[in-house]
Amino acid sequence: MTVSIDWLAFVQVFAAALAGALLVVGFYAIGLRLLVRGGRPPVVAPAEFTDAITVITEKEAQRAAKAAAKAAKKSPLTEGQKRVALVGAYGSFGLCALAVLAGIVIIVLGR
């Protein structure tokens, strides 16, 4: 019994996985950057966890939200530019979702 490896298929799968990961991470990073430039930085409320996970306090969360609001007010962009940045951010998140869905479709239907 001999084992043979189709190296071309291995390289194709590796390239597809690398390209997919770069697309998803790239679109997500661009979307976050545009979201912040558009004046809507994501602020996540603290969650309650058990064990050794450190959680920020309510005071720290309020301070972060206040800093985010202050940074949004200081934005040098006009309202129109902020709107374009937000549309670009949502478009980028949409492209990220499409890349994930395309990967799922390729896995389910592809051969």
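Okay, so searching the whole structure turns up two aromatic pairs, where a pair means Phe, Tyr or Trp rings (for Trp the six-membered one) with centres within 6.5 Å, called stacked with planes under 30 degrees apart, edge-to-face over 60 and tilted for the rest. Bear in mind this is a predicted model, where local features need pLDDT of at least 70 and side-chain atom pairs pLDDT 80 or more, while totals for chains, interfaces and linings use all residues. Numbering runs from 1 along each chain as its sequence is written, and side-chain values use heavy atoms, with hydrogens and water left out.

Pair one: tryptophan 7 and phenylalanine 10 are edge-to-face, because their planes sit at 80°, with ring centres 5.7 Å apart. Both are in helix H1, three residues apart, about one turn of the helix. Tryptophan 7 is exposed at 55% relative accessible area (exposed is over 50%, buried under 20%, partly exposed in between, with a 1.4 Å probe and protein chains only).

The other pair is tyrosine 28 with phenylalanine 93, tilted, at 5.6 Å centre to centre and 50° between the planes. Tyrosine 28 is in helix H1 and phenylalanine 93 in helix H3, so this pair ties together parts 65 residues apart in sequence. Tyrosine 28 is partly exposed at 44%, and phenylalanine 93 is also partly exposed, at 24%.

Now, which residues line the largest pocket nearest its centre? Those are Ala16, Ala17, Gly20, Gly103 and Ile106, out of 13 lining residues. Helix H1 (7-37) and helix H3 (79-109) are the elements giving two or more residues to that lining, and H1 gives the most, with seven.

Methods. On a 1 Å grid over the protein atoms alone, a cavity is a set of points where a 1.4 Å probe fits but cannot get out, and a pocket is an open set with protein on both sides within 12 Å along at least five of seven lines; lining residues have an atom within 4 Å of a point. Helices (H or I, at least four residues) and strands (E, at least two) are DSSP runs, numbered from the N terminus.
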